[in-house]
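Please keep the sequence and the structure in view while reading.

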Amino acid sequence: MQLKPIAQSFAVEYRYTLYFTEQLFSKDNPLFHEVLARYKKDTQNRLLFVIDEAVVARHPDLIVSIREYCSFFEKTLLLTEVLTLPGGETSKNDTAHLNAVLTAINDAHIDRHSFVVCIGGGALVDMVGYAATIAHRGVKCIRIPTTVLAQNDAAVGVKNSINSFQKKNFLGTFALPYAIINDSHFLTTLEQRDWIAGISEAVKVALIKDRSFFEFIEEKADTLRERNMETMQLLIHRCAEMHMQHIAQGGDPFESGSSRPLDFGHWAAHKMEQMTQYRLRHGEAVAKGIALDVTYAHLTGLLTEPLLERILGVLERIGFDLTIPVSDAAEIQTLLKGIQEFREHLGGTLCITLITGIGIKHDVDRIDMVQMERAVTFLNGRYP
């Protein structure tokens with residue numbers, strides 16, 4: 001007997017919101033309470049907080065403020081536990097941290113109608129989001145990013161991950177957060193390198209999508225480096241908006257294809273992070289990766305020299321070190337292996353995003369390795 005195949009399809013609408021505020025856990029600020037009340041009004045929502053240890057060190061009153069806030073809004077908020085963990089790539093490299101979150105989810109009885117609230121930088125947000133996605137096949141997650149890079153890029157997307165097999169983001173999921181809340185107060189205590197690191201993601205999205213945004217960054221480069229909060233807030237808002245628009249309107253929110261324009265500069269960035277044992281911040285590596293790819297684009301005739309100098313000049317004024325962390329030919333070859341690893345990450349077909357002008361992306365399916373080596377040599381000769 002021959003049975004006919006059964007085919008079916010369905011569509012699911014996804015919706016999430018990015019909020020902007022200051023001093024989120026002040027009793028005078030009802031935003032966090034209101035976000036949870038929209039899910040279950042006049043009913044307690046079970047909450048597990050996972051917080052970056054560095055954030056707690058810089059904001060020593062934070063945990064007390066969270067406890068007092070949840071007590072003040074006790075009709076809506078039920079705090080079960082506060083877990084503190086190391087942030088940075090350490091949180092993604094060591095599965096002990098992932099297991100600690102999963103254990104806390106289990107012990108605190110966090111279910112699909114409860115919330116894991118992550119407060120930290122992009123790496124911790126990635127890891128906690130991954131834990132939330134695989135527990136009970138998905139519990140709700142609220143992201144409260146505390147760095148520029150997390151607020152304008154890492155925390156506003158739909159990806160969660162940890163590092164494994166010596167590869168960046170080898171294990172991961174696509175899952176939307178219930179909400180993201182950007183609290184500008186967390187930015188005030190950042191080290192200078194973390195303040196500027198996230199600007200590279202704004203430069204990235206401006207170069208591939210929006211000339212006027214690049215011109216804004218170009219005009220305000222010195223102001224941004226000097227930690228002007230109003231300018232930074234405008235940059236974060238526009239960068240996050242463009243990332244979220246790309247996810248919603250780009251036609252490939254869960255990256256089933258091979259074109260990844262938002263990964264401009266990232267094939268080299270991911271490899272440089274791994275090669276330096278993650279001493280490089282992600283945003284610092286992205287700045288280097290952008291510099292490398294625009295230099296390669298110039299050497300292969302895609303980008304004029306004046307535009308190359310303009311782009312490198314903006315990155316320099318912001319404060320980025322654009323040297324490529326390789327000291328000999330063998331290390332250059334190790335770096336170039338990142339192209340193959342990136343191809344595997346994409347799904348087998350190489351697609352590297354370059355640019356032919358500011359705001360004009362150009363995808364290529366092959367890389368001239370000789371010219372890419374020249375690009376490395378060019379940059380390291382420029383910045384001895």
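How many salt bridges does a search of the whole structure find? The search finds 22 salt bridges, a salt bridge being a side-chain nitrogen of Lys or Arg within 4 Å of a carboxyl oxygen of Asp or Glu.

## Basis of the report

The model is predicted: local features need pLDDT of at least 70, side-chain atom pairs count only at pLDDT 80 or more, and totals for chains, interfaces and linings use all residues. Residues are numbered from 1 along each chain as its sequence is written, and side-chain values use heavy atoms, with hydrogens and water left out.

Side chains of opposite charge can pair when their charged atoms come close. Helices (H or I, at least four residues) and strands (E, at least two) are DSSP runs, numbered from the N terminus. Lys168 and Glu89 are both buried; buried means under 20% relative accessible area, exposed over 50%, and partly exposed in between (1.4 Å probe, protein chains only).

A salt bridge of 3.3 Å, N to O, joins Arg317 and Asp222. Here helix H15 (residues 305–318), which holds Arg317, is linked to helix H11 (residues 221–225), which holds Asp222, across 95 residues. Arg317 is partly exposed at 30%, and Asp222 is partly exposed at 32%. Glu341 and Lys271 form another salt bridge, with their closest N and O atoms 2.9 Å apart. This pair connects helix H16 (residues 329–346), the site of Glu341, with helix H13 (residues 266–275), the site of Lys271, 70 residues apart. Glu341 is partly exposed at 27% relative accessible area, whereas Lys271 is buried at 7%.

## Nonpolar cores

The largest nonpolar core contains 68 residues, and Ile217, Trp267, Leu292 and Leu335 have the most contacts inside it. Helix H14 (residues 282–299) supplies the largest share of this core, nine residues. Apart from this core lies another, of 32 residues, including Ile110, Leu124, Tyr130 and Ile162. A nonpolar core is a set of buried Ala, Val, Leu, Ile, Met, Phe, Trp, Tyr and Cys residues joined through side-chain atoms within 4.5 Å.

Beyond residues up to four places away in sequence, Ile217 touches Ala202, Val203, Ala206, Leu224, Leu235, Val314 and Ile318. Contact means heavy atoms within 4.5 Å.

## Individual residues

Thr21 is placed in strand S1 (residues 17–21) and is buried because its relative accessible area is 18%. With neighbours within four places in sequence set aside, Thr21 is in contact with Asn29, Leu31, Ile181, Asn182, Asp183 and Ser184.

Phe10, in the segment before S1, counts as exposed because its relative accessibility is 72%. Phe170 is found in strand S7 and is partly exposed, with a relative accessible area of 42%. Not counting residues up to four places away in sequence, Phe170 touches Ile162, Asn163, Ser164 and Phe165. From C-alpha to C-alpha, Phe170 and Met275 are 16 Å apart in space, and they are 105 residues apart in sequence.
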